[in-house]
Amino acid sequence: MAVITGTGSYAPSRVMTNDEFAAYLDTSDIWIRERTGIRERRIAAPEEATSDLAVSAAGKALDAAGLSASEIDGILLATATPDLLFPSTACLVQARLGADNAFAFDLNAVCSGFVYAMSVAKSMIESKAARRLLVIGSEVMSRTLDWSDRGTCILFGDGAGAVVVEASTTAVRGLETFRLRADGRYWEMIHVPAGGSRRSGTEVAPYIRMKGGETFKMAVRSLQESVMEVLSASGISPGEIDLLVPHQANIRIIDALASRLGLPSDKVVVNIEHYGNTSAASVPVALDEAVRAGRVKEGSRILLTAFGAGVTWGSGLLTWEAETQKRSRA
Ligand code: ACO
């Protein structure tokens, strides 16, 4: 059985408000708030990269779990904005943390990356390939933005979230059911056209391009289907979910999903107002904030769900049993 025993998150100190966009673009604070739910986002300092954010979030997750970095067997880092093309950002994080007994690799499913990584972590723990894993979602989306494109630049922000996942013999449910999906036929819907092996950044600008309206509709439909798939595989109804932790892409997507599931707002974690869309960091940052705000109790049933470029999507149901696992360590 795999369980989360600690969470952490980090956001760069620079806060960028909607008014800063309105000062140079044909947009407004009111448009951005009403159409997306975003008021502000964090922007990494020039010297900050994805690994820096990840190290800060991971350190807090390790503290919360009561473990040292050398007790970790592996680091799974979900990101679409690595420090370098290679080596992986996970290796840079491993060295900085001093996680000298850990393997390390990156996983790219863009905004769904953290949910994908949690599913991999569950499988690795259950197959006994590892006993203690750090799962991180970290992004510096601001480096992928065309700051003159009002349809995308207002949406994204930078941040990192992390969790420690451990093998447990005392937990009852832990990470229960995960379902992952992808449909690469829609790769163009959200993409960065350069910077990889197809085209260099000197031929084409390496900035996000997105068909916002199509993405919106597909996200709402896919998230609902994915959540229902996980609930039906777990044999529970939406009413039995204690907390929904959705990817924070647009408040209207979250509201549509919550209303289709019949979930009241106190069961849905929303922090998009302060961070915008932080891609793979969005779900673990929201989860960490919910844990630290006391919204997660021992035994809480939590549903993670995300949709992103690829297109990819997926959901996972887990039961919070951190204290049960920590007591069994003593
Ligand atoms: N300010 C003012 N007007 C704007 C802005 C802006 N920032 N952005 C777009 N508009 C305009 C458009 O140009 C358009 O004008 P037109 O009618 O004259 O052509 C009008 O607003 C309506 O545009 P829509 O795209 O239809 O606006 P919509 O209400 O759909 O909102 C948005 C756009 C916010 C991008 C929305 O479509 C959205 O959130 N999409 C989903 C994004 C998402 O889920 N991404 C997840 C994955 S991201 C990843 O994986 C990296």
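Start by selecting R35 and the ligand: an N or O atom in the side chain of R35 sits 2.7 Å from an oxygen atom of the ligand. That pair is a polar contact, meaning two N or O atoms within 3.5 Å; within protein, one must be able to donate a hydrogen and the other to accept it, and residues adjacent in sequence count only if both atoms are side-chain atoms. Before you go on, note that this is a predicted model: local features need pLDDT of at least 70, side-chain atom pairs count only at pLDDT 80 or more, and totals for chains, interfaces and linings use all residues. Residues are numbered from 1 along each chain as its sequence is written, and side-chain values use heavy atoms, with hydrogens and water left out.

Now show the whole shell of 26 residues, where T27, R35, C111, N250 and A309 come nearest; a residue is near if one of its heavy atoms lies within 4 Å. Coloured by class, the shell has 13 nonpolar, nine polar and four charged residues. Here Ala, Val, Leu, Ile, Met, Phe, Trp, Tyr, Cys and Pro count as nonpolar, Asp, Glu, Lys and Arg as charged, and the others, Gly among them, as polar.

Helix α6 (212-234) is one of the elements giving two or more residues to this shell, and its four residues are the largest share. Helices (H or I, at least four residues) and strands (E, at least two) are DSSP runs, numbered from the N terminus.

**Into the cores**

Select L244, L303 and F307 next: they have the most contacts inside the largest nonpolar core, which has 43 residues. Such a core is a set of buried Ala, Val, Leu, Ile, Met, Phe, Trp, Tyr and Cys residues joined through side-chain atoms within 4.5 Å. Buried means under 20% relative accessible area, exposed over 50%, and partly exposed in between (1.4 Å probe, protein chains only). The elements giving two or more residues to this core are α6, α7, β12 and β13 (312-319), with the largest share, seven residues, from α6.

Stay on L303 and show what surrounds it. Leaving aside neighbours within four places in sequence, L303 is in contact (heavy atoms within 4.5 Å) with residues including V227, L231, I241, L244 and L317. Apart from this core lies another of 36 residues, among them A286, V296, I302 and W320.

For helix α9, select residues 282-292: eight of its 11 residues are buried, including V283, V285, L287 and D288. Just after α9, G294 takes a positive phi of about 80 degrees.

**A few backbone stops**

- F86 to P87: this peptide bond is cis, with omega near 0 degrees. P87 lies in the loop between β4 (74-78) and α4 (89-97).
- G310 and V311: a cis peptide bond joins them, with omega about -5 degrees. V311 is in the loop between β12 and β13.
- V110: this residue is not a glycine, yet has a positive phi of about 50 degrees. Find V110 in the loop between β5 (103-107) and α5 (113-126).
- K128: is this residue buried or exposed? K128 is exposed, with a relative accessible area of 73%.
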